[in-house]
Structures are given as C-alpha cells and as structure tokens.
Amino acid sequence: MTANPGFEPVFCTIVPPHVLDTLAQAEDPALARPARRTLERDAFERTHRRMTTVVGAPALAPPAGAAADKPQRTIHDARHKQDLPGKKVRGEGDKPGKDATVNRAYAGLGATFELFLKAYERNSINGEGLPLNATVHFGEDYNNAFWNGEQMVFGDGDGEIFLDFTIPVDVIGHELAHGVTQYTANLTYFGQPGALNEHFSDVFGSLIKQYTLGQTAADADWLIGAGLLAPRVTGKALRSMKAPGTAYDDDVLGKDPQPATMDDYVRTGRDNGGVHINSGIPNHAFYLVATALGGHAWERAGHIWYEVLTGGELDSRASFSDFATLTVATARASYGEGEELQAVTKAWETVKVTTA
C-alpha cells in the first residue's frame with residue numbers, strides 16, 4: 001500500500017553534489033578532472049531519468065519459476081565506458097569470479113535482498129520480486145554510485161579521494177533503498193521530503209551493514225561509506241549518524257556540513273535543497289532510538305521506520321514533523337506505551353523536531 005501510487009523515479013547518488021563541486025574547484029588536476037567528469041555524467045543521468053519518467057521505463061519482472069525467497073541478481077561490466085547496462089559478467093547462482101568488484105556487488109545485492117526479506121517480509125525492493133541489476137566499472141575514475149530508477153551503477157573512484165564504490169556494503173544498500181522508497185512513499189526529492197528520502201537510504205544502508213556483520217546497535221559504527229575515502233583524505237566516511245558533521249574535515253573536501261538538530265538546519269538551493277545535508281537530523285534521531293532500545297537496530301527501531309515508509313500514510317511531500325508524528329503513532333500502535341514509544345519521542349525532542 002502507498003499513498004503515492006503514481007511514483008516518479010529519481011536519480012540518486014551516494015556522493016552529494018556539494019562534495020563534487022568542491023573537488024571540481026581543486027587546484028590539483030588529478031582531483032578536479034575526475035570530479036568534473038562525474039558532475040557532467042551525473043547531470044546527464046539526471047536528465048535521462050526525467051525523460052524516462054515521461055516516456056516510461058521498461059517493466060522488469062522476475063523470470064518464470066523464480067523462487068519468491070531468492071534474489072534474481074545480474075551484474076554487468078561497463079568496462080570503463082558509460083553505456084548501460086554493459087556486458088553481463090555474473091548471473092544469479094553463478095560462482096564468484098576473479099573480479100572482486102563484481103563479487104562485492106553481487107554479495108551486496110544479496111545482503112540487501114536478505115535483510116528486507118528476513119526482517120520485513122519484503123520480496124525485493126518493490127515487494128514483488130523485482131530483479132536486482134547492477135553495473136560496475138562505470139566510466140573513467142567515476143566518483144559516484146547511483147540508483148537511476150531501474151538499476152544500480154558503481155564507479156571505481158579516482159583513487160585519490162574515493163576508492164571502489166562497491167567496498168562499503170552500506171553504499172550498495174543505500175542506493176537500493178532508494179528503490180524501496182520509489183515503490184512506496186515516493187518522497188519528493190527536494191527539501192525536507194528529499195532529505196527524508198536520503199535518510200531512509202542511510203538508515204537501511206546502515207542496517208544492511210549491521211545485519212551482514214551481526215552487529216548490535218551498540219557495536220555499530222553508524223558511519224555511511226566507511227572504507228570509501230582514500231588514505232590521503234582526513235575523514236572516516238561520507239556521513240555519521242551518531243555524530244552528524246564529524247565524518248570528515250579535510251583540506252580539500254572541507255568539513256562535513258551535516259547538522260544534528262533543527263537548530264542548525266541548512267537552507268540552501270543547492271543539492272535539491274540540501275537533501276544530503278539536512279538528512280543528518282532524522283539520521284541522528286534514528287541512531288538515538290536504536291541505541292536507546294539496544295539489541296539489533298533492524299528489529300524494533302527498524303520496524304517502526306519501515307512501517308512508516310511502507311504503511312501508506314507518509315505523504316510524498318512530508319516534512320520532518322509529519323514523519324516524526326507518524327513514527328510516534330507507529331511506535332504506540334506496535335508496542336504500546338513502553339520504552340519504544342519513549343525512545344522515539346525523546347529522540348525527536350533531542351533533535352528538536354516537533355510531533356503532533
């Protein structure tokens with residue numbers, strides 16, 4: 001069920017435009033050139049996504065006889081070109097090959113499928129067994145990974161600032177979670193609903209990593225993209241849910257701009273109204289809920305967030321306050337007046353988002 005049945009897929013990347021804008025202005029050509037090429041390609045893909053929305057995308061369906069509890073994965077290799085999907089190099093059930101990037105992409109798609117199936121009884125990202133397709137080795141020194149409404153795409157990074165984008169499993173999970181949002185609440189990709197769109201992807205990306213590693217909320221690092229930054233970068237990841245604004249502080253990249261509370265909400269026309277920046281506020285709220293409840297974060301905290309995303313009441317133009325109010329109602333409906341409700345209510349109070 002969804003309150004937003006006429007979904008409009010959007011083009012969503014893991015690296016925010018403001019980061020690439022900063023790199024594109026670097027004096028070192030080794031940093032500036034890949035960033036500029038990435039920005040140009042992202043602009044093309046964004047336009048292509050809008051056109052596909054107008055004319056319609058090809059329908060994807062699981063192959064005949066496919067098991068409902070098994071993923072249907074296909075990995076393609078772009079061979080450093082930009083034609084999608086590229087050459088098929090691994091299908092569902094094929095044994096691992098010598099290319100570690102292909103193997104990581106295949107495993108990451110599987111981990112994402114497994115979490116949604118086992119934790120939330122969701123059969124693939126659309127709930128109906130949608131095949132999971134990915135392309136690796138996209139472009140030359142391409143500094144991003146994205147979901148284009150139909151498939152996953154991973155660059156290899158420039159080796160200077162970013163490494164291979166299949167390295168962090170949460171990056172894979174983040175981008176596929178955009179597909180879940182696309183098929184459910186279909187949050188508008190601008191301003192607060194856009195930040196919520198990014199927030200859901202960070203939440204489920206982190207949960208997929210925690211599920212894969214068997215971590216509790218206390219064990220998790222709550223970083224998005226740990227292992228993605230090259231050694232020369234002063235930073236740990238792209239974002240921190242535990243401490244927004246602390247993921248990196250680098251001479252080239254600048255300082256992580258994410259706020260942790262509404263006191264520091266960023267009003268900007270860039271990055272679709274700061275969707276990758278202000279997502280730090282609900283991100284921190286989820287971290288507070290998950291760590292207050294303890295145990296596995298994909299269980300009680302994740303259940304509340306998943307139910308709101310997929311329950312049909314979250315409007316595509318929802319504000320932070322709208323979303324927070326629904327999480328409080330869902331916590332009460334699912335768990336009564338206990339610690340779950342207290343954790344959710346206190347978290348939103350801490351990040352200074354009001355609830356009705």
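Q: Leaving aside its neighbours within four places in sequence, which residues is T112 in contact with?
A: This is a predicted model, where local features need pLDDT of at least 70, side-chain atom pairs count only at pLDDT 80 or more, and totals for chains, interfaces and linings use all residues. Residues are numbered from 1 along each chain as its sequence is written, and side-chain values use heavy atoms, with hydrogens and water left out. Contact means heavy atoms within 4.5 Å. Beyond those neighbours, T112 touches I172, G173, L176 and I208.

Q: Is T112 buried or exposed?
A: T112 sits in helix α3, residues 100–120; a helix here is a DSSP run of H or I, at least four residues, numbered from the N terminus. Buried means under 20% relative accessible area, with a 1.4 Å probe and protein chains only. T112 has 1% relative accessibility, so T112 counts as buried.

Q: At what angle do the axes of α5 and α8 cross?
A: Axes are lines fitted to C-alpha atoms over the stretch in contact, and angles run from 0 to 180 degrees between N-to-C directions. Helix α5 spans residues 191–213 and helix α8 spans residues 300–310. Their axes come within 11 Å and cross at roughly 140°.

Q: Why is α5 called oblique to α8?
A: Angles under 35 degrees count as roughly parallel, over 145 as roughly antiparallel, 65 to 115 as roughly perpendicular and the rest as oblique. The axes cross at roughly 140°. That angle makes α5 oblique to α8.

Q: Which residues of α8 make the contact with α5?
A: Helix α5 brings H199, F200, V203, F204 and L207. From α8 come G302, W305, Y306 and L309.

Terms used:
Helix = DSSP H or I, 4+ residues; strand = E, 2+ residues; numbered from the N terminus. Buried < 20%, exposed > 50% of the residue type's maximum accessible area, 1.4 Å probe, protein only.
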